[in-house]
Amino acid sequence: MRKMNKDYLNFGIVGCGTVASIHAEALKSLNNARFISVTDSNLSKAREFAQKQGVWAHDSFEDMLNDPEIDAVCICTPSGFHAENAIRALNAGKHVVLEKPMALNTQDCERIKEACAKNRKLLTVISQLRFSNDVVTVKEAIDSGKLGKIVMCSAYMKYWRSPEYYSDVSWRGTFAFDGGILMNQGVHGVDMLLYLAGNAKVINSKGKRLFHDIEFDDTVISMLEFESGALGVIEASTCAYPGLERRIEIIGTTGSAVLIENMIDKLIIDNNTVITKENLFKCGSANNPASIDYVCHARQIDNFIRAVLYGEKLFIDTEDGAKAVALIEKIYAAAL
Ligand SMILES: NC(=O)c1ccc[n+]([C@@H]2O[C@H](COP(=O)([O-])OP(=O)(O)OC[C@H]3O[C@@H](n4cnc5c(N)ncnc54)[C@H](O)[C@@H]3O)[C@@H](O)[C@H]2O)c1
């Protein structure tokens, strides 16, 4: 990829809803980012958001993509638009920060990968939890063998989303644009398991629609076997009032780790309990998607900018994004 002869990137954000504010704060906190403009299919929303953020609004995504000043776009549109928006941006010569999930199926992930390769542009899929201090500490403990042989790796995601969460916004609750609870709320936990514990295959799954009037199951469980031989489960629901914090357990023969959201609850190695709790900020949300801090997004976007400008290693690439989507697809298929 050709390096740029400047030490910052100019950004536009497409989609001015809940998560766009987190991207805006993240961009404004970085010395190597210039937050230039926003756009949205709802132009009055774009103009209002632009005014609040002190940037200007492009009249359309097309206009933003035709603007030579824009080097990279943050895609914050509903999940069902991710593939189309990312491919359009890559074909227009922009680098891309794409909100999770990468896309809603593996074919679309492949189309995005091809567009990156064809246009020689970089794309990172947001998985901000990986940039959290405590998650890094747990990852290092696993990779250095401190937990011994890993035997169980599980993610518990008992979230609460009100009926209005689904009914107030037309794309939520639809299979085509939301993708179901593992693609939407659960992808963070799925990605975290794959990151910490390695690749996994699905043994079996079960889903049920227990409370919400939506197009997919609001409660899913799945049993996994990891390539390492470890076993684990994923439990996810958006009917769990008032919403419990995400819990990830990595259990080994000489140590175990429990992460609550992005914080270490327990890290026990050879009978010594290590409590770091270095994170003073929250990167995830049990009952309010708008409640997350921008710090982890900023760290991920900083890594992306350095990868574009200086060829540094991109920490989360299209392979990572596609892996989480593929596992969720398999869980859904097994739950039918
Ligand atoms: N990383 C995280 O923790 C996190 C948190 C929340 C949401 N998200 C992800 O961010 C994405 C957006 O979620 P949200 O909650 O901000 O949604 P939202 O509904 O609040 O906002 C989406 C915005 O996109 C606009 N839009 C819709 N279709 C468009 C199109 N084709 N072109 C341009 N604009 C379009 C809408 O008008 C709206 O303003 C989702 O994919 C979601 O999974 C990630």
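Predicted model: local features only at pLDDT ≥ 70, side-chain atom pairs only at ≥ 80, totals over all residues.
User: Why is the crossover from β5 to β6 called right-handed?

Analyst: With the strands pointing away from the viewer, a right-handed path from the first strand over the helix to the second runs clockwise. The chain passes from β5 through helix α5 (residues 106–119) to β6, and this β-α-β crossover is right-handed, so by that convention its path is clockwise. The strands it joins, β5 and β6 (residues 123–125), pair in the parallel sense over three bridges, with V96 opposite L123 in β6.

User: Which way do the residues of β5 point, and are they buried or exposed?

Analyst: From strand β5 (residues 95–98), H95 and V97 point one way and V96 and L98 the other way, and all are buried, which means that each has 20 or more other C-beta atoms within 10 Å of its own.

User: Why do β8 and β14 count as edges of the open sheet of eight strands?

Analyst: The sheet has the order β8-β9-β10-β7-β11-β12-β13-β14, with mixed pairing. β8 (200–208) and β14 (272–273) each have a single partner strand, so one side of each is left without a neighbour in the sheet. For β8, strand β9 (residues 219–226) pairs with it in the antiparallel sense over eight bridges, and K206 stands opposite I221 in β9.

Definitions and conventions:
Residues numbered from 1 in each chain as written. Buried ≥ 20, exposed ≤ 12 C-beta atoms within 10 Å, placed from the backbone. Helix = DSSP H or I, 4+ residues; strand = E, 2+ residues; numbered from the N terminus. Pairing = 2+ DSSP bridges.
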